[in-house]
Amino acid sequence: MDLLNDLVDFFGRNGYLAVFFALMLCGAGIPLPEDITLVAGGIITGLGYGDVHTMVGVGMAGVLVGDSTMFLLGRHFGGRIMSWRLVARLLTPERYAKVQEKFERYGNRMMFVARFLPGMRTAVFITAGATHRVGFFRFLLLDGLAAAISVPLWVYLGYFGAHNHEWLAMWIHRGQTGVWLAIAAALVVLGVIWWRRKKAARDC
């Protein structure tokens with residue numbers, strides 16, 4: 001919890017802008033956990049240093065700007081981005097090939113699921129941009145839908161646990177499980193919708 005306490009102290013002194021830029025750094029692949037960053041943002045609002053609903057908006061903006069930046073850099077520079085030192089550390093040739101294989105298997109669903117994969121998220125977004133597998137607005141829609149699940153969850157968790165660190169630590173762990181359950185439920189719903197549409201098309 002040392003990182004969480006450090007972030008709470010830093011955000012408490014610097015406000016929304018600090019949270020926004022920290023989340024942009026998370027999107028760039030800096031080893032700063034996005035969930036802990038969002039929880040810290042929620043905690044400072046619970047301590048009276050801001051409004052929790054505004055913090056959700058700031059969190060959404062920081063997450064989407066960070067993710068979009070990686071996608072657009074990949075789209076603009078293509079395969080050349082692999083030669084950048086920071087990107088080369090994050091996206092090795094083996095990982096690049098693995099991400100492309102996942103795209104072949106799962107298609108655009110990878111854009112939604114990637115938001116919940118901290119170790120793969122930035123690699124997936126750069127690859128999606130570099131290979132032109134998806135347009136920017138579709139990327140933004142899928143990433144935004146995923147962020148609409150994860151961002152409020154972590155911010156409100158921090159807000160309600162601001163004065164009870166033991167309870168908060170327990171729910172940070174449970175919250176990670178809850179996110180995966182939410183993903184599973186969303187995939188089931190999408191699968192049912194797809195199956196019904198396909199069945200209706202056959203019946204016509």
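Is D9 buried, partly exposed or exposed? D9 is partly exposed because its relative accessible area is 44%, where buried means under 20%, exposed over 50% and partly exposed in between (1.4 Å probe, protein chains only).

## The model

This is a predicted model, in which local features need pLDDT of at least 70, side-chain atom pairs count only at pLDDT 80 or more, and totals for chains, interfaces and linings use all residues. Residues are numbered from 1 along each chain as its sequence is written, and side-chain values use heavy atoms, with hydrogens and water left out.

## Overall fold

The protein has ten helices and zero strands; helices (H or I, at least four residues) and strands (E, at least two) are DSSP runs, numbered from the N terminus. Of its 204 residues, 43% count as buried. Among contacts (heavy atoms within 4.5 Å) with a separation of 6 or more, 74% join residues 24 or more positions apart.

UniProt, in an unreviewed entry, lists residues 15–32, 52–73, 136–157 and 177–195 as "transmembrane region"; its positions are given in the numbering used here, feature names are shortened, and annotations may be inferred rather than shown by experiment. Residues 52–73 are 100% helix, with end C-alpha atoms 31 Å apart. Residues 15–32 are 67% helix and 0% strand, and their end C-alpha atoms lie 18 Å apart.

## Salt bridges

Let's return to D9. Its salt-bridge partner is R13, with the closest N and O atoms 3.1 Å apart; a salt bridge is a side-chain nitrogen of Lys or Arg within 4 Å of a carboxyl oxygen of Asp or Glu. D9 and R13 are separated by about one helical turn because they sit four residues apart in helix α1 (residues 2–14). R13 counts as exposed, at 58% relative accessibility.

By this rule the count comes to five salt bridges. E34 and R115 meet in one of them (2.4 Å, N to O). E34 lies in helix α3 (residues 34–46) and R115 in the loop between α7 (109–113) and α8 (121–130), so this pair ties together parts 81 residues apart in sequence. Both E34, at 7% relative accessibility, and R115, at 2%, count as buried. R115 also forms a salt bridge with D143, at 3.0 Å between the closest N and O atoms. D143 is in helix α9, 28 residues from R115, and is buried at 0% relative accessible area. Salt bridges with shared partners join E34, D67, R115, R121 and D143 into one network.
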